[in-house]
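I ask you to keep the sequence and the model in view as I speak.

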Amino acid sequence: MQHIHSYRPAGEISDPPVDVVTLPHDLRHLRRKLLHLSNGDMVMLDLKEAVLFHHGDRLVLENGDTVEVQAAPEKLFEVKARDTLHLIELAWHLGNRHLSAQIEDGRILILRDHVIRSMLQGLGATVTDIDEPFQPARGAYHVHGGHDHGSHGHHAHD
């Protein structure tokens, strides 16, 4: 079984990966874990620090090959607003409840929750069931253990 001790951010490596590992957002914060690849093989991830992986990041195998991390489709709500100010208001209400959210231009994605759906609809939002990969924004208190694609200073390089 091969081991993984380093990784590279999405877009940094142009060669195709030898395989992929598909994980939902809550299982992409990893330090040490046995990973099941799409071809049925297993690899041991063993990093010095926990890392919050993003869709497209690459895990570097001992032999130099890479495995791509893919975000699994998840059952989400797509939240749309009347206008930009309304979207900001909806984002504030979600943040006030400490919910993980993926905020994009014109929409917010959150995990499905019928109580939150009712609240959002009561605030005038359009809420639609969708299945898509989920990459929520990290919160202000989530500093250690993640990585920023703009800064490469704390990656576990070999």
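Predicted model: local features only at pLDDT ≥ 70, side-chain atom pairs only at ≥ 80, totals over all residues.

Isoleucine 4 stands opposite leucine 61, a residue of strand 5. The two strands concerned are strand 1, residues 2-8, and strand 5, which pair in the antiparallel sense over 4 bridges. Strands here are DSSP runs of E with at least two residues, numbered from the N terminus, and two strands pair if DSSP finds at least two bridges between them.

Residues are numbered from 1 along each chain as its sequence is written, and side-chain values use heavy atoms, with hydrogens and water left out.

Which way do the side chains of strand 5 point? Arg58 and Val60 point one way, Leu59 and Leu61 the other, and all are buried, that is, under 20% relative accessible area with a 1.4 Å probe, protein chains only. In a regular strand, side chains alternate between the two faces of the sheet.

Strand 5 also pairs with strand 6, residues 66-71, in the antiparallel sense over 3 bridges, and valine 60 stands opposite threonine 66 of strand 6. These two strands form a hairpin with 4 residues between them, and glycine 64 in the turn has a positive phi of about 95°.

Strand 6 in turn pairs with strand 2 in the parallel sense over 5 bridges; there, aspartate 19 stands opposite valine 67.

Altogether, 6 strands form an open sheet in the order 2-6-5-1-4-3, with mixed pairing. Its edge strands are strand 2 (19-23) and strand 3 (29-36), each pairing on one side only.

Conventions. Buried < 20%, exposed > 50% of the residue type's maximum accessible area, 1.4 Å probe, protein only.
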